[in-house]
Amino acid sequence: MDGKKFDKNTLKTLVIAASLLLNCILGGASYTYYHHLAEQMNETASLQSQVSHLEGSVSDLQAQVDESQPTIDGLKAQVASLTEEKNGLQSQVDTLTSQKADLQNQVDTLKAGASSGSSSGSSSNGGSSASVPAAYSSSNDQSETVYVTDTGSKYHSAGCRYLKKSQIPMSLSEAKRQGYTACSVCGG
């Protein structure tokens, strides 16, 4: 019977030793788990702090954008105004260029008339004065102003409905010389 008791005591000792061993193992695992959990909580708190800081930065930047928007809008309006002014000046340049070409044609005509008058041997004032009025007498084509558009192939009279988007003034003769034809609505 003593052998059975010893065996029971040994068994009890073994059970206690096993439970202590198991408790140590589980305790160590619990410690590792809780330590890892604490590290993750610290990292989460750090990331939340960074997110809060970045949200503040975003708010500051949005405030700067909101403050700058009126300036941006003003600059856009200035660009639009300057573009419109540039287009008006370009239209004036085109008109002056056309007028210069017309005047050059008149000068060339006068020179041709003068050289043909002198080569024919006519030295009387009557012969030379007859050629000058002919050269200076501008036809309606040279004095009449018509308007063309940036994209069209027709010339128009002032006020034509097709001149809403663009209108470039030039003489009728220049418009015809450049290949424009009369508008079927206003007749040019």
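Glu174 counts as buried, with a relative accessibility of 4%, where buried means under 20% relative accessible area, exposed over 50%, and partly exposed in between, computed with a 1.4 Å probe on protein chains only. Arg177, by contrast, is exposed at a relative accessible area of 56%. The side chains of Glu174 and Arg177 meet in a salt bridge with an N to O distance of 2.5 Å, the term standing for a side-chain nitrogen of Lys or Arg within 4 Å of a carboxyl oxygen of Asp or Glu. The structure holds one such salt bridge. Both residues belong to helix α4 (residues 172-177), where they are three residues apart, about one turn of the helix. Helices (H or I, at least four residues) and strands (E, at least two) are taken as DSSP runs and numbered from the N terminus.

This is a predicted model, in which local features need pLDDT of at least 70 and side-chain atom pairs count only at pLDDT 80 or more, while totals for chains, interfaces and linings use all residues. Residues are numbered from 1 along each chain as its sequence is written, and side-chain values use heavy atoms, with hydrogens and water left out.

The secondary structure comes to four helices and four strands, in the order α-α-α-β-β-β-α-β from the N terminus on. Of the 188 residues in the protein, 13% are buried.

β1 and β3 pair in the antiparallel sense over four bridges, pairing being assigned if DSSP finds at least two bridges between two strands, and Val146 stands opposite Met170 in β3. From β3, Ile168 and Met170 point one way and Pro169 and Ser171 the other way, and all are buried.

| Residue pair | Separation along the chain | C-alpha distance |
|---|---|---|
| Pro169 and Thr95 | 74 residues | 5.6 Å |
| Leu96 and Met170 | 74 residues | 8.3 Å |

The largest pocket holds about 210 Å³ of space. On a 1 Å grid over the protein atoms alone, a pocket is an open set of points where a 1.4 Å probe fits, with protein on both sides within 12 Å along at least five of seven lines, and lining residues have an atom within 4 Å of a point; grid points are joined across faces, edges and corners, and the volume is the space filled by probe spheres set on the points. Helix α1 (residues 2-119) gives the most to this lining, with five residues. The lining includes Asn87, Asp94, Asp150, Lys164 and Ile168. By class, it has two nonpolar, six polar and four charged residues, with Ala, Val, Leu, Ile, Met, Phe, Trp, Tyr, Cys and Pro counted as nonpolar, Asp, Glu, Lys and Arg as charged, and the others, Gly among them, as polar.
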